[in-house]
Amino acid sequence: FPFPYTPYLIQEQFMAALYSALEAGQVGIFESPTGTGKSLSLICGALSWLRDFEEKKQQEEARLLALGDSGQEAKQQLVSARAEPPGSRDAAGDPDWVTAFVQKKEERDMVDRLKEEQIRRKKREDHLEKIRHNVQLKYAAKRKRSEEDETKRLLQLSKDILSEGAGLEQLDHNEEDLILAEYESDEEKKVISGLEEDDDDLEEEHVTKIYYCSRTHSQLSQFVREVQKSPFGRDTRLVSLGSRQNLCVNEDVRSLGGLQLINDRCMEMQKNKHDKKSDEEMEGKKRRVSRAVCPFYSYEQMQFLRSEVLVEVKDIEQLVALGRETKACPYYGSRYAIPAAQLVVLPYQMILHEPTRTAAGIKLKDQVVIIDEAHNLIDTITCIHSVEVSGSQLCCAHSQLQQYMERYRKRLKAKNLMYIKQILYLLERFVAMLGGNVNQNPGCQAVSQTGTVLKSINDFLFQGQIDNINLFKVQRYCEKSLISRKLFGFMARYRDPATAVKTNKENQKLAGLQNFLLTLQQGSDKEGSLQSPAVEAEHNQLQTASPLMQIEGFLSALTNANQDGRVIINRQGTVGQSSLKFLLLNPAVHFAKVVEECRAVIIAGGTMQPVADFREQLLSCAGVDPERVVEFSCGHVIPPENILPIILCSGPSNQQLEFTYQTRDLPQMMDETGRILCNLCNVVPGGVVCFFPSYEYEKQVYAHWEKTGLLTRLTTKKKIFQEPKRANQVEQVLAEYAKCIKRCGQAGGQMTGALLLSVVGGKMSEGINFSDELGRCVIMVGMPYPNIKSPELQEKMTWLDKTMPRAAGQAPSRVLIENLCMKAVNQSIGRAIRHQKDFASILLLDHRYTSPAIFNKLPQWIRERTQVKPAFGSAFAELRK
C-alpha cells in the first residue's frame with residue numbers, strides 16, 4: 001500500500017483487512033483506537049482497492065473490445081463453440097440459430113456500449129487535463145466575470161439616473177435589490193470559449209466510488225486534509241458535500257442563519273429563475289413583479305466550478321472560497337461533480353436519510369460506503385428519523401393554511417382543496433390529542449392532564465380518529481405540490497405590515513388578516529413576564545421558518561410500519577409547550593437499503609466496543625447474512641508501559657466505591673471521591689480530567705466539596721475548571737485549561753496544573769483530545785448508566801425484549817443498558833492517549849467494573865493492561881511509579 005511514511009504494523013493489518021472486505025463485498029466493523037492513524041489507513045487501503053478495481057475493469061473492457069474488433073471470426077468461433085449439433089434446440093426450446101443470433105446481438109451491444117463509455121471517459125480525462133494545465137481558460141472565465149460585473153454596474157447606474165430623472169415611484173431598498181438580481185445573461189448556457197465541446201457529453205455513467213461519511217464538518221475537513229497529504233492526494237477526484245448552511249455563498253441567504261430558512265429561501269430563488277420566462281409571457285405588457293434570483297446559481301459558472309473541484313482535492317473551506325471567487329454556487333456545483341468523482345466526502349445524514357440521498361443525486365448501487373466515527377451509528381439513525389412537533393407549531397400551521405385556503409379558494413382546483421382540507425383536519429386532530437383547540441391561542445390554553453403517554457402508530461391514528469385518511473397519499477401530495485413552500489411565500493408576503501404597499505386594493509382587504517396574524521404572534525405577550533427565553537426563541541423561530549415543513553416530517557414518520565416506531569404524546573403546561581414526537585425503535589429498517597444496495601459497507605470507529613449491538617440491532621435486523629459480516633480490531637501503537645488502567649474498589653478510608661442512584665448522594669461517598677482526587681492531584685503532573693455521570697451530580701459534588709473545604713485543598717495543587725453547559729463556551733474553557741497547564745509547567749511553583757470536571761456524553765467526552773500534558777490522568781466517577789425512567793428508553797427496552805433473542809442468559813434490555821453505559825465510558829477514557837509517545841493513567845472508580853460482563857466491554861487494548869485494586873494503597877503506589 002502506498003503510504004506517506006512507514007506505516008505501523010497495525011496500519012498494515014488494517015489496510016489489508018479493509019482491502020479484502022471491499023474486494024469480497026462484505027460488511028466490516030473496524031475498530032482502531034484514536035491516535036493510531038485510522039484516517040490514513042482508511043484512505044490508503046480503500047483508494048488502493050479502488051485503483052486496482054478500476055485497472056481490472058479497464059483490462060476486462062480492453063479484452064472485450066479486442067474481441068469485438070478482431071472481426072467476426074472470433075465471434076464465429078465463440079458462437080460455434082457454444083453451438084450444438086444442427087437442428088438441436090436449447091433449454092428454452094428455441095432453435096439454436098435464434099440463440100446464436102441473440103447472443104451475438106448481446107455481445108455487439110456490449111462492445112458498442114463499452115466503446116461509448118471509453119470515448120466519454122477519454123473526453124472527461126482530456127477535459128480535466130486541459131483545465132489542469134490551461135491557465136488561459138481560467139483567465140477567460142475570470143475576464144468574463146469582470147465584464148459581467150461591469151455591465152451590471154452600468155445597468156444599475158442607468159437605472160439610478162432614470163429613477164432620479166423621472167418621477168418614478170421610489171422602490172424601497174430591498175425591492176431595488178430584487179430588480180438588480182434579475183439580470184442574467186447565461187440562460188442560453190453558453191460555454192466558456194475554449195470549453196466548446198458539448199458539456200453534456202461529460203455526464204457519464206456513475207463511476208465506481210467510495211462514499212466516506214463522518215459526523216461533523218470539522219471531522220470531514222480533517223479527513224480531506226489527510227487525503228491531500230496522502231500519496232493519492234494528487235490524482236483522486238474528490239468531492240466534499242455539505243449543507244447549504246456550510247456551502248451557501250450568497251450573503252443575503254446566509255445571513256438568515258437557520259438551516260430551514262436558508263433551504264426555503266434558496267429553493268424559492270431557484271423557482272423564481274425558472275418561472276421568469278413564463279411570467280413575462282403571462283403578464284404581457286404589465287410591469288411584472290420583480291423577484292429575486294440567485295446570482296450564484298449560474299449553470300456555466302457551476303460547470304466551471306465542477307471541473308475545478310475534480311481537478312484538485314478541496315475541503316469545504318476551499319470549496320466555499322472558490323465559489324466566492326468564481327461566483328458559482330458550491331452547494332450545487334459540488335453536486336454536479338458527483339458522477340465523475342471517485343471519493344465523495346459527506347455528513348452522515350446525507351447517506352442515512354433516503355430523501356436527502358435522492359435529492360443529492362447519490363446512487364448507492366454497487367458503491368462502497370465507509371462510515372467513520374460510527375460508535376453512535378444506531379443513535380444517529382434513530383435521531384435522524386425521529387421527529388417532534390410542538391403544539392404551537394401545529395396551531396400556527398393550521399392558521400396559516402386556513403388563511404391560504406380562504407384567500408385562494410376560488411383559484412384552487414378541487415383536488416388541491418380536498419388535500420388541504422385533509423391536512424387541516426389532521427392538524428386539528430393532532431392538537432386535540434394534546435388536549436387543545438386549534439382555534440384558540442396555544443400559549444393561553446392550559447392542559448388538564450399533564451404527563452407523557454406512549455402509543456403505537458396504529459393506536460395513535462385510531463384514537464385521533466385519523467385512521468381513515470391515507471397518509472401515504474397526503475405525504476406524496478405535500479412532496480409534489482410543495483405546499484409548505486408556497487405557504488412560506490404566502491406568509492412572507494402578508495406577515496409584516498411594514499412591507500405591504502398600502503395603495504393596493506388587495507392589501508386593504510388583507511389588513512384584517514395581518515392584524516389577526518399579529519395578535520397570534522403577540523398573544524402570549526399578555527403574560528409575557530412568565531415566558532422563558534426558550535419559549536420566546538421558539539416563538540421567533542415560528543414566525544420565520546415554515547412550521548408545515550416540520551409537520552410534513554412527522555406525517556411521513558407516521559407512515560413507518562406499526563411495530564418499528566412509537567408516538568410520544570407529551571402534555572406540558574400549555575398546549576403550545578406540549579408536543580407530539582415520533583420515536584423510531586428499529587433503526588435497521590432505514591439502514592437495510594444502504595447495506596442491500598452497496599457493494600460493501602465499512603463501519604469504523606476508535607472504540608466500537610461493545611460490537612454486539614451493531615451485529616444484532618443493526619445488521620441482522622437489516623437482513624444481513626452473518627457470513628457477510630467481518631470484524632477487525634487492532635491494538636494501540638503505544639508500548640504497554642505507557643498506560644495504566646486501574647479499577648479501584650475502595651477509597652483511602654476503605655469506603656467501598658459504588659455510585660448507584662441510592663448511594664452516590666451519601667456525604668461519605670462524595671468525601672471519599674474528594675480524598676481520592678486530592679491524593680491524585682498531589683502526584684499527577686499536568687492535567688487531570690474527571691468525568692461525572694451527569695451535570696446534576698457534578699454540581700452536587702462540587703457544592704459539597706465547597707462546603708467541606710475540600711475544594712480549597714484541591715486548588716493548592718490544581719486550578720479547577722468546570723465543563724460549561726453551553727456549547728459555545730467549550731472552546732474558551734479548553735483554551736484556558738491548556739494555558740494554565742502550560743504556565744504551571746514552565747513556572748514550576750506549588751501549582752502543578754489543572755483539574756477539569758467534565759460530564760460523560762457532554763461536550764468534552766467526544767471529539768476533543770486530551771493529548772500529552774492535557775490528560776495525564778482520566779478519572780471516571782461511577783458508571784454512567786442512562787436514565788432508565790425515560791419513557792423513550794423504557795419503550796426501546798420493551799421492544800428489544802420482544803424482538804431480540806436472549807444472549808448468554810441476559811435479557812436484551814439489560815444488555816442495551818450496559819452497552820450504552822460502556823460505550824460512553826470507552827468514548828471518555830479513549831481521549832487520554834492520542835499518539836505513539838503519549839502516556840496516561842485511567843482510573844475507574846466503582847467496584848462494579850470488575851464484573852465480567854462489564855469488564856469484557858472495555859476496549860481490548862485497555863482491558864489487556866487493566867489492574868483491579870481492592871484497596872487504595874497499592875493503586876496509589878502504582879500511580880506514583
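Analyst: A disulfide is a pair of cysteine sulfur atoms within 2.5 Å. The model under discussion is a predicted one, and by that cut-off it holds 0 disulfides. Cys-248 shows why a bond is not assigned: the closest cysteine sulfur to its own belongs to Cys-294 and is 6.5 Å away, too far for a bond. Cys-248 is also buried, its relative accessible area being 12%. Cys-396 gives a second case, because the closest cysteine sulfur, that of Cys-395, is 8.6 Å from the sulfur of Cys-396 and is too far for a bond. With a relative accessible area of 17%, Cys-396 is buried.

The structure holds 5 cavities of 30 Å³ or more, and the largest cavity contains about 160 Å³ of space. This largest cavity is lined by 15 residues, and those closest to its centre are Cys-248, Asn-250, Cys-266, Cys-294 and Cys-329. Cys-248 and Cys-294, the pair whose sulfurs are 6.5 Å apart, are thus both named among the residues closest to the centre of the largest cavity. Two elements, α10 (259-283) and α13 (330-336), each give two or more residues to the lining of the largest cavity. Of the elements, α10 gives the most, with 4 residues. Sorted by class, the lining of the largest cavity comprises 12 nonpolar, 2 polar and 1 charged residues.

The second largest cavity has a volume of about 120 Å³. Its lining consists of 13 residues, and Glu-616, Gln-617, Met-804, Pro-812 and Val-815 lie nearest its centre. Here the elements that give two or more residues to the lining are α26 (612-620) and α32 (812-829). By class, the lining of the second largest cavity has 8 nonpolar, 3 polar and 2 charged residues.

The charged pairs come next. Side chains of opposite charge can pair when their charged atoms come close. Across the whole structure, 22 salt bridges are found. One of them joins Lys-581 to Glu-792, with 3.4 Å between the closest N and O atoms. This pair links distant parts of the chain: Lys-581 belongs to strand β9 (residues 579-584) and Glu-792 to helix α31 (residues 791-803), and the two are 211 residues apart. Lys-581 counts as buried because its relative accessibility is 18%, under the limit of 20%. Glu-792, at a relative accessible area of 29%, is partly exposed.

A further salt bridge connects Arg-776 and Asp-838, whose closest N and O atoms are 3.1 Å apart. Arg-776 lies in the loop between β15 (753-759) and β16 (777-781), and Asp-838 in the loop between α32 and β17 (840-845), so the pair ties together parts that are 62 residues apart in sequence. Arg-776 and Asp-838 are both buried.

Glu-878 and Lys-881 also form a salt bridge, with the closest N and O atoms 3.9 Å apart. Glu-878 is partly exposed, with a relative accessible area of 25%, whereas Lys-881 is exposed at 79%. Salt bridges can also share partners, and in this way Lys-38, Asp-372 and Glu-373 are joined into one network.

Definitions and conventions: Residues are numbered from 1 along each chain as its sequence is written. This is a predicted model: local features need pLDDT of at least 70, side-chain atom pairs count only at pLDDT 80 or more; totals for chains, interfaces and linings use all residues. Side-chain values use heavy atoms; hydrogens and water are left out. On a 1 Å grid over the protein atoms alone, a cavity is a set of points where a 1.4 Å probe fits but cannot get out, and a pocket is an open set with protein on both sides within 12 Å along at least five of seven lines; lining residues have an atom within 4 Å of a point. Grid points are joined across faces, edges and corners, and a volume is the space filled by probe spheres set on the points. Ala, Val, Leu, Ile, Met, Phe, Trp, Tyr, Cys and Pro count as nonpolar, Asp, Glu, Lys and Arg as charged, and the others, Gly among them, as polar. Buried means under 20% relative accessible area, exposed over 50%, partly exposed in between (1.4 Å probe, protein chains only). A salt bridge is a side-chain nitrogen of Lys or Arg within 4 Å of a carboxyl oxygen of Asp or Glu.
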